[in-house]
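Subject: Structure for your review

Dear colleague,

Please find below the structure that I am handing over to you. I would be grateful if you would look at it first and then read the notes that follow.

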Amino acid sequence: MKSFEERLRSESVAWVETGVVTSAQRQALLERHPVEAGGGGRFVAILGAVGGGLLLAGVCLLVSANWQEIGDWVKIGGLVALLMGAYVAGWKLKISPGNYEKTGDAFFMLGAGLLMAGIALVSQIFHLNSRPATGVLVWWLGIVTVPWLVKSKGAQAVSLIALLIWLGMEFAIRGSWLSLAEQGRGFEDGVRLVAIMTALGLAIWLAGLALRETRHELFAALHEKWGALIVCSGLYVIGFLRHFWSWQNNEYAVRLLPVILVAGLIVAAAVLAWRASRREVLAMAPWLVAALIPVGAVLFGWNVGDHGWLWSAWSWTALFVLNVFMIRTGLATGREGWVNLGMAFIALNIVTRYFDLFGTMLEGGVFFVISGVIVLTLGIYLERKRRKWLGAMRAEKEVA
Amino acid sequence: MNNIKIARWVWVVVAVQVVFLLSWAGYHQWVRSSAPAIRLKTLPVDPRDILRGDYMILNYEISNAKAPVDPMEHSDVFVILKPEGAHYVVDTVVTEKPADGDNRVWVHALASGSVGELFLTYGIERFFVPEGRGTPTFKTLEVEASVSPTNRLYIRRLWLDGKRFP
């Protein structure tokens, strides 16, 4: 395969002939991208990648084959060296001199992940298992400042994962100070965990809005997308509530403390988002409040005597209108992630509801034929729409 | 990068991470090698931990106890142990922390159950074994556990039929 420089040299001849560029402009372009003799650094780069990959695979195999024979402190020392190496590489590549920001970002992300690997390794070596959630909390506390100091989106993604895992574990563990279940009661009901995580996703989403036009705007899109993904996924799952409604009643309402904590986070994020972008918060508010209602119903066991139909249908509808809002706002503000997420969840919601509602009504063969036609038609239609909208959005950005 | 001075603080964070990992591991190394040890009778089953590999779930004789107290579900209790032959067994379970000068062997535990039938967890219910080898076969299983200065139990080593494992 020809390199970019080689293709530029051959194809630009036709550009001059058709008047796309002048001969002088072609010459300037070719001088900017000269073809290096012998294929330049590409061959070396390919060799480097293959050789590096083989070397890494070999080291991994050697270490795993001899893992039991490696001394505890050699393992711990090796992991600490890897951790420091990741940060040093991140620093060199992203910050000083900082010629490869994205690769450097990946190394900071790796460093943040390696702290958890270190915690898991030490707890494995010394058979420590009294409270895994505390290990995750220590991980999060250990890395939470890294992304803000070095402006690493990758590290922030790891930090968010750590925070979500920790809170999820605390909500689910019996006897935890943040446990959703009352003291002395088992917590087998995953839907309440989904509900509170959905609310937490909303706080993350609003935190993204709050970060817009601040010096940490770099993280805004990440928080918005993750928050939106969690909220949409949560509503999608709560849409199945009618299938496991038998466990839902007032007697099994969750403890207030975790709900108050998450509500506090939502309010704090909303206040900050309000200060950053009042118009967007106002536009989002009705759809987010609509999304929170089935979440509240699950957490507090609001039973209207219909075996969960109301809250299921509410979730489907809330998810749909929220997705439409996301697509509209995404198109208006140039947020491709919102458009993609909105389209994906509209398709998922429609197809799921079709199977959920009509799946048992039709005969096997007919059902599969109709399902196939619906999925294909809907998929093609939505994908075409998505491409058209994103194309128009990108064209607008280029003009701007 | 404009904020390079701020970014330099990341080295303080990295240093904290490294010091934490090394000192945490060092503390447990010290507990394993120097703290007083007791032997406990044990029974295992063998599941798997995604992050840390294969392990045996250990159920101890001291995991079940009769107690004259009714602690809250999953609340901290203090288990006073006494030697009985080569092993330690539960003497009594109390909800009040023993006094500082108390020379008996006592440890923290989480209690569930009710009066008379307590189930106690000590944080030593998992023992990580070499991956892929599964649970070894044996007739008797004992755990040698260290009692840390903070009165917590940590696994020191495992004995299968009187031989050290792995």
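I begin with helix α10 of chain A, residues 220-238, which has 19 residues and reaches 27 Å from its first C-alpha to its last, close to the 27 Å expected at 1.5 Å a residue. Please bear in mind throughout that this is a predicted model. Buried residues of α10(A) include H223(A), E224(A), W226(A), G227(A) and A228(A). Further along α10(A), I230(A), V231(A), C232(A), G234(A), L235(A) and I238(A) are buried as well. Which helices cover the buried residues of α10(A)? Among them are α8 (153-172), α9, α12 (278-300), α13 (309-333) and α14 (336-358) of chain A.

Next come two pairs of packed helices in chain A. In general, such a pair is described by the angle between the two axes and the distance between them.

The crossing in which α9(A) passes α11(A) is left-handed. On the α9(A) side, the residues that meet α11(A) include I196(A), A199(A), L200(A) and L206(A); on the α11(A) side, those that meet α9(A) include P258(A), V262(A), I266(A) and A273(A). By class, the residues of this contact of α9(A) with α11(A) are 19 nonpolar, no polar and no charged.

In the second pair, helix α1 (residues 4-17) of chain A and helix α2 (residues 23-32) of chain A pack at an angle of about 165 degrees, with axes 10 Å apart. That angle makes α1(A) roughly antiparallel to α2(A), and their crossing is right-handed. From α1(A), the contact uses L8(A), R9(A), S12(A), W15(A) and V16(A), while α2(A) brings S23(A), R26(A), L29(A) and L30(A). The residues of the contact of α1(A) with α2(A) divide into five nonpolar, two polar and two charged.

S130(A) is found between α5 and α6 (132-143) of chain A. Is S130(A) buried, exposed or partly exposed? S130(A) is partly exposed, as 19 other C-beta atoms lie within 10 Å. S130(A) and A106(A) are 24 residues apart in sequence, and their C-alpha atoms are 32 Å apart in space.

I turn now to chain B. Chain B has 166 residues, of which 30% count as buried. Of the contacts in chain B between residues at least 6 apart in sequence, 61% join residues at least 24 apart. Helix α2 (residues 10-34) of chain B has 25 residues and should span 36 Å at 1.5 Å a residue; its end C-alpha atoms are 35 Å apart, which agrees. Buried residues in α2(B) include V10(B), V14(B), Q17(B) and L21(B).

Finally, the two chains touch. Their contact takes 29 residues from chain A and 33 residues from chain B. On the side of chain A, α4 (72-95), α5 (101-125) and α7 (146-150) each supply at least two residues. That side of chain A has 14 nonpolar, 14 polar and one charged residues.

With kind regards

Methods
Residues numbered from 1 in each chain as written. Chains lettered and ligands numbered in written order. Predicted model: local features only at pLDDT ≥ 70, side-chain atom pairs only at ≥ 80, totals over all residues. Left-handed = near helix turned anticlockwise from the far one by under 90°. Helix = DSSP H or I, 4+ residues; strand = E, 2+ residues; numbered from the N terminus. Contact = placed C-beta atoms within 7 Å. Nonpolar A, V, L, I, M, F, W, Y, C, P; charged D, E, K, R; others polar. Buried ≥ 20, exposed ≤ 12 C-beta atoms within 10 Å, placed from the backbone. Expected span 1.5 Å × (residues − 1). Axes fitted to C-alpha atoms, helices over the stretch in contact; angles between N-to-C directions. Parallel < 35°, antiparallel > 145°, perpendicular 65-115°, else oblique.
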